[in-house]
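Colleague: I would like to learn how to read the geometry of a fold. Could we take a few features in turn, with the general idea before each case?

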Amino acid sequence: MIKLARMQPEEGACFYPWIADPEVVHYSLSAFQTMKTTAQIDHWFAATLRDEKSLNLGIYLQETNTLIGYAGLSNLSATNQSGEYFILIGEKAYWGKGVGTEVTKQVLTLGFTVHQLNRIMLTVSESNLGGVKAYTKAGFVVEGRLRAACCRNGLFHDKIVMSVLKAEWQQ
């Protein structure tokens, strides 16, 4: 159904409608909350493609090669053999269809095999029940809670810290 691949510079325009949609970016990067112009998105996208401390991959429909989101690992640390997982499914037609779980599993495989990581972590808004479900299905376990760590629409909510270790993933 989906495949992960490097994104191309000309694909930045795909992010325009996604970042402009409050529902799509509600649980996503804080930076997305303030991007209002295509120039801002272009600047962010160009920097994302150049970021050598992250693995940034497009989520593509296998049949049509249509970009529907992006995912990967940020803050890659060779010393600590760790990274932080992220995902944004921009095309809402693919929400709730198992895409998030499948992408998460594929990124974990890349992290633990290709990048030789020992630990992959993430933070997820406590109210993002679909995200928590997908991450749990992919093998993440709850480590803790960051109290009132996120503010959306003037309201604070907790972020849940989850991780998976290579030894757990291999089982």
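Colleague: At what angle do helix α4 and helix α5 pack, and how far apart are their axes?

Modeller: Please keep in mind that this is a predicted model. In general, two packed helices are described by the angle between their axes and the distance between the axes. Here α4 (residues 99-114) and α5 (residues 129-137) pack at about 45°, and their axes are 8 Å apart. The two helices are therefore oblique to each other, and α4 passes α5 in a right-handed crossing.

Colleague: Which residues make the contact between α4 and α5?

Modeller: On the α4 side they are G100, T101, T104 and K105, and α5 contributes A134, Y135 and K137. Sorted by class, the contact has two nonpolar, three polar and two charged residues.

Colleague: Let us turn to the sheet. In what order do the strands lie?

Modeller: Strands of a sheet pair through backbone hydrogen bonds, either parallel or antiparallel. In this model, seven strands form an open sheet of mixed pairing, ordered β1-β2-β3-β4-β5-β7-β6. The edges are held by β1 (2-6) and β6 (141-152); each has a single partner strand, so one side of each lacks a neighbour in the sheet. On average, neighbouring strands are turned by 30° against each other, direction ignored.

Colleague: How many bridges join β6 to β7, and are the strands parallel or antiparallel?

Modeller: Eight bridges join them, and β6 and β7 (residues 155-165) run antiparallel. As for individual partners in β7, V141 is bridged to S163 and R145 to I160. The hairpin of β6 and β7 has two residues between the strands, and N153 takes a positive phi near 55° there.

Colleague: Which strands does α5 touch when it packs on the sheet?

Modeller: Helix α5 touches β4 (82-89), β5 (119-125) and β7, and its direction makes about 160° with that of β5.

Colleague: Finally, how is the aromatic pair of F15 and W18 arranged?

Modeller: A pair of aromatic rings is described by the distance of the centres and the angle of the planes. For F15 and W18 these are 4.9 Å and 70°, an edge-to-face arrangement. Being three residues apart in helix α1 (residues 15-20), F15 and W18 are separated by about one helical turn.

Conventions. Residues are numbered from 1 along each chain as its sequence is written. This is a predicted model: local features need pLDDT of at least 70, side-chain atom pairs count only at pLDDT 80 or more; totals for chains, interfaces and linings use all residues. Side-chain values use heavy atoms; hydrogens and water are left out. Axes are lines fitted to C-alpha atoms, for helices over the stretch in contact, and angles run from 0 to 180 degrees between N-to-C directions. Helices (H or I, at least four residues) and strands (E, at least two) are DSSP runs, numbered from the N terminus. Angles under 35 degrees count as roughly parallel, over 145 as roughly antiparallel, 65 to 115 as roughly perpendicular and the rest as oblique. A crossing is left-handed if the near helix is turned anticlockwise from the far one by less than a right angle, and right-handed if clockwise. Contact means heavy atoms within 4.5 Å. Ala, Val, Leu, Ile, Met, Phe, Trp, Tyr, Cys and Pro count as nonpolar, Asp, Glu, Lys and Arg as charged, and the others, Gly among them, as polar. Two strands pair if DSSP finds at least two bridges between them. Rings of Phe, Tyr and Trp (its six-membered ring) pair if their centres lie within 6.5 Å; planes under 30 degrees apart count as stacked, over 60 as edge-to-face and the rest as tilted.
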